[in-house]
Each structure stands twice: as structure tokens, then as C-alpha cells.
Amino acid sequence: MAKLNQIIAIEKGVKASSFQELTEAHHQLQKSPLLSGISRAYRPRDEEGEQLPPESTKVQVRAEEVLRTTAENLTRLFDVTATKDWANCKAKADVIVDGTVLLRDVPATYLLFLEKQLTDLHTFVKKMPTLDAAETWSFDTAADSYATEPVQTTKTKKIPRNHVKAEATEHHPAQVEVYYEDVVVGYWRTIKFSGALPAQRVNELLQRVDKLSAAVKFAREEANGMETEDQKIGAKVFHYLFG
């Protein structure tokens, strides 16, 4: 009596060899000359006529033999697959995380599904956007997002100023130079918002995914370690088909 994981391990090889043997059988049956034979004997018209040797070609491929061999080869595949599928109906295990049963009596086939999904979720979570570490963030309930502390900056405007280089005299006008001075005209109050997550939160999520993935793999191994009951399906199928 084999364990389910042993049956799963050999199934791929049995499938490959069965497919190859079925393909070869199919090709044999398509070669008409191999299925044909002949026997010819020559008799001259009279005793003095030329004597010719007999001719014969043997049949090399017999369809009934090919059917029988094909049935024998495929019976192993049908039996192995049936043994696996029958066992899968009973193969179950609990998914335990931190000593607590998260999922109870999960079928082995579903554990395989979970394992694949958790691999994809790990990639998804790992690429989640994180908050800029250069800023200080806190959650703003009103905005339903993270926000920085308000930062005040000034708005300036260039105002023209006159600089008298020389006062006016009786004979010359005043010499005036125009220059521009930056004058504060207002204030900006800036708050940055972000829908990203803190890096700590992303790391926590990754740890959860990894922990559950490990628990699912352990459960799958446990489920696949159950004893199987050999199923003899192939002989019945091919006895009906080719019998």
C-alpha cells in the first residue's frame, strides 16, 4: 500500500510513458504495409515451363495485438490516476497557525490551490506602495489617508524700489535706480496626504503570508502522507472497450 505523495510522484512518469506508447501504437496502425501479408506460389502451365520460387510477406502488425498491448499499457495509467483521485477524496489536513487551527479538514487539492494563491499574494503584498520615510506621517481620519504635519512656507513678490543715486540739482535731474525687493505677501500652509502604507504594515502582512504559506505546505504534506487504497479501474474499462 503506497502513500498518496508516492502515487503523485510516479503519476507524471506513468502519464509520459503511456502517452508515448499510445502514440507509437497509433503510428504502427497507420502503416498499411506492416499490416499486410501475402503468399504466392507459381505453377507453370506445363511441366517444361519455367519454375519460379514462391513469394511471401508476413504480417508484422496485428491490430488485435496492438489493442491488447495498448490496453495493458494504459491500464497502469488508469489505475494510478484512479488511486490518486480516490485518495484525494479522503486526503485532508488542518491548517494550523501559531498553534491555532485556522482551517479544519482541508482537502489536499484545495491546499494546492491555497499554496499557489499565497505565492501570488506574496508578490502582490511585497509590491505595495509604502510611505516616504523622509516624512513623518499620522493617519487622518477625516481624509481617510495618512497625512504629514502642516508646514508653513512664505509667498513672496518682487516689489519695485527706487534708489536715488544723486539728488536733483538746478542743472541735472535726480539719478534714480530701480531695483526689486522680495517682500512676503502671504503664507502657504501645506499638508501632504498619501494612500500608501507604512513599511511596518507591509512587513507585517508579508510575515502573515509567509506564516500561512508554511502552514499550508505542512498541511499538504500531512494530507498527502495518507495511505492509499489501490484502485483497479483500467482492466474494467479496457475489458469493455476492447474485449
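Predicted model: local features only at pLDDT ≥ 70, side-chain atom pairs only at ≥ 80, totals over all residues.
Lysine 192 and glutamate 135 meet through their side chains in a salt bridge, with 2.9 Å from N to O. Lysine 192 counts as partly exposed because its relative accessibility is 43%. Glutamate 135 is also partly exposed, with a relative accessible area of 27%.

A search of the whole structure gives 13 salt bridges. Another of them joins glutamate 11 to lysine 84, whose closest N and O atoms are 3.1 Å apart. Glutamate 11 is in helix 1 and lysine 84 is in helix 3, so this pair ties together parts that lie 73 residues apart in sequence. Glutamate 11 and lysine 84 are both buried. Arginine 40 is partly exposed at 46% relative accessibility, and glutamate 55 is partly exposed at 43%.

Glutamate 11 and lysine 84 turn up again in the lining of the largest pocket. This pocket holds about 180 Å³ of space. Its lining also includes Asn5, Ile8, Asn88, Ala108, Thr109 and Leu112, as well as Arg220, Glu221 and Asn224. The elements that each give two or more residues to this lining are helix 1 (4-30), helix 3 (63-88), helix 4 (108-126) and helix 5 (199-224).

Strand 3 (residues 92-97) pairs with strand 4 (residues 100-107) in the antiparallel sense, over five bridges. Within this pairing, valine 95 stands opposite leucine 103 of strand 4. The two strands form a hairpin with two residues between them. In the turn, aspartate 98 has a positive phi of about 55°.

The last stop is on the surface. Tyr240, Leu241 and Phe242 make a nonpolar patch of about 360 Å². Tyrosine 240 lies in helix 6 (residues 234-242). Tyrosine 240 counts as exposed because its relative accessibility is 70%, and the cut-off for exposed is over 50%.

Technical notes
Residues numbered from 1 in each chain as written. Heavy atoms only, no water. Patch = residues over 30% accessible without salt bridge, like charges linked within 9 Å, V, L, I, M, F, W, Y side chains within 5 Å. Areas by Shrake-Rupley, 256 points an atom, 1.4 Å probe, with all protein chains shown as cover. Salt bridge = Lys/Arg side-chain N within 4 Å of Asp/Glu carboxyl O. Helix = DSSP H or I, 4+ residues; strand = E, 2+ residues; numbered from the N terminus. Buried < 20%, exposed > 50% of the residue type's maximum accessible area, 1.4 Å probe, protein only. Pairing = 2+ DSSP bridges. 1 Å grid on protein atoms, 1.4 Å probe; cavity = no way out; pocket = protein on both sides within 12 Å on 5 of 7 lines; lining within 4 Å. Points joined across faces, edges and corners; volume = space filled by probe spheres on them.
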